[in-house]
Amino acid sequence: MNLARDLERRAAEAPERTALWHEDGRAWSFGRLNALSGAVGQRMLGAGAKAGDRIGLFFVNSPELVISMFAAWKVGLVPVMLSGLYNGAELADAHAKTPFTLLVAMDRLRGSVDQANLELPGLWFGAGADDDLWNAGEAVVAAPDLGDADAAILFTGGTTGEPKAVALTHAGVIEAMTKFARAAKGRPGPYALAPEGVPPNLVTMALFHGGGQQSLLLAFFVGRPVVIMERFRPETVFELVARHGIDNLSLMPTMIYDLTRYRGEGELGSLKSVMVTGGAAPPEIAREFEARYRVPLLTNYGSTETGHVAGWTARAVARGEWLPGSVGKIYEGVEVEIRDEDGKALATGETGEITVRTPMTRGYVDGGAGDGDRALVQDGWVASGDIGHIDENGVLFLSGRKRELIKVGGFQVWPSEIENTLRTHPDVADVAVTGVPDERLGEAPRAYVVLREPQKDHSGAEASLIAYCRERLSHFKAIRSVVFIEQLPRTEAGKINRRALVA
């Protein structure tokens, strides 16, 4: 029960086998990656960190970040995952929320660190950094069973409020990977190292978020090497898929959108499937993606706080179990309840908040509470904030986010339903819907629309979109107003930032 153990196991099995590629072509073997992680872990302890301490990791996606993560786990430290996009104020705020005793960072980000005025010891990677960081000494074996100890602290996406720091445990992350791998492969582990010639997994998401970190760890868990890209760009995805013969991808809905609407030429010829994570891709975009690239989209529902909950694997689709409009079948061993506003479990088919029993997280860091001062974990259960229902076959369906619910004259309206309708309009490239105050109705739906072709006069377009909704939705669901914008604001996790839209 230490997240560094899979790296050590692969290094023992095949020390010369490539474990990690960077988009720029650099590569590290399992043996070299393991040795460097041990050396950096020793340097962390030498800089003053003690087992159990939190250390800040301030990087863009890079091999140096991968090495630093495994280094921390090897010597029993807790990485606080900091976005490489943070400016000085954001870095200082993260440290205030989740104090750490040592900063490990890229030299090119030093300017933000200086602005943050963090009076901390630090280790620096990159130009001008201490070359000794790359000198592997004696082998370092991962700290013994850390089980329920904190494994990492990550900041949640914060789509409607401030990001919250969440503590994940070693045992919880390993259990989540175990359940997902068992569903995907149809058998329990442990899993042997993949044979030579099996393509690596491409990590498209940020490693300082749960999705990216899970992609990396899961690859080593099932015996595959990985390729990492510094940030998501369609051009880089096309190039890396072709270079490495990538056969599967895990993408967020915004990435699906960017690839679908990419204006240039692009091929994903070696892909067999794409797993959509972090939310469902809008149906119209999903259809366009599958038609353009001839690759099926599967789903994997979960979150930083809950781990993997439900999804459709290629095996389930082949068995004919897939149901349109669903996010997937609940994975074996995962406990899910649908609850009403009073926390009472609802019957099969009834709609309420999706609540998951999980060992993945301890909760918000340092006893902090979430929106409405509600603790994240209550009696072992995590309230996801998502609304949905479960059918009689254990298949999960989503309706929307609890905090995004719009109450129109006493009726409940989910933005996703309106957004999915508007995306079928030929002039709409992208859209988000929020509720705005209305004197008569309490709230009214407003659409923020990105047009495929910019227009100087929007009056005709607004009337057209309002009429389009009225023809296809109940009167209380129809939008009352439209704001035209060049692009939708998004969080670092790639989700629509509805708070920024309303502001």
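A residue counts as exposed when its relative accessible area is over 50%, and as buried when that area is under 20%. The structure examined here is a predicted model. Glu471 has a relative accessible area of 60%, so this residue is exposed. Its salt-bridge partner is Arg472, with N and O 2.9 Å apart. Arg472 has a relative accessible area of 44% and is partly exposed.

Arg26 sits in the loop between strand S1 (18-22) and strand S2 (27-29), while Glu64 belongs to helix H3 (residues 63-74), so the pair ties together parts that are 38 residues apart in sequence. Asp24 is partly exposed, at 46% relative accessible area. Arg26 is partly exposed as well, at 35%. Glu64 has a value of 9%, and is therefore buried. Across the whole structure, the search finds 27 salt bridges.

The largest nonpolar core holds 99 residues, and Met44 and Leu82 touch the most other members. Helix H3 gives this core its largest share, 8 residues. Residues up to four places away in sequence aside, Met44 touches Ala49, Ile55, Leu57, Ser68, Ala71, Ala72, Leu77, Leu102, Val104 and Leu123. A second core is separate and has 36 residues. Leu251, Leu259, Phe289 and Tyr293 are among them.

Helix H6 was then considered on its own. H6 covers residues 170-185, a run of 16 residues. From first C-alpha to last, H6 reaches 22 Å, close to the 22 Å expected at 1.5 Å a residue. Its buried residues are His170, Ala171, Gly172, Val173, Ile174, Ala176, Met177, Lys179, Phe180 and Ala181. An α-helix has 3.6 residues a turn, so residues three or four places apart point the same way. The buried set of H6 includes Val173, Ala176 and Phe180. After H6 comes Gly186, with a positive phi near 75°.

How values were computed: Residues are numbered from 1 along each chain as its sequence is written. This is a predicted model: local features need pLDDT of at least 70, side-chain atom pairs count only at pLDDT 80 or more; totals for chains, interfaces and linings use all residues. Side-chain values use heavy atoms; hydrogens and water are left out. Helices (H or I, at least four residues) and strands (E, at least two) are DSSP runs, numbered from the N terminus. The expected span of a helix is 1.5 Å times one less than its number of residues. Buried means under 20% relative accessible area, exposed over 50%, partly exposed in between (1.4 Å probe, protein chains only). A salt bridge is a side-chain nitrogen of Lys or Arg within 4 Å of a carboxyl oxygen of Asp or Glu. A nonpolar core is a set of buried Ala, Val, Leu, Ile, Met, Phe, Trp, Tyr and Cys residues joined through side-chain atoms within 4.5 Å. Contact means heavy atoms within 4.5 Å.
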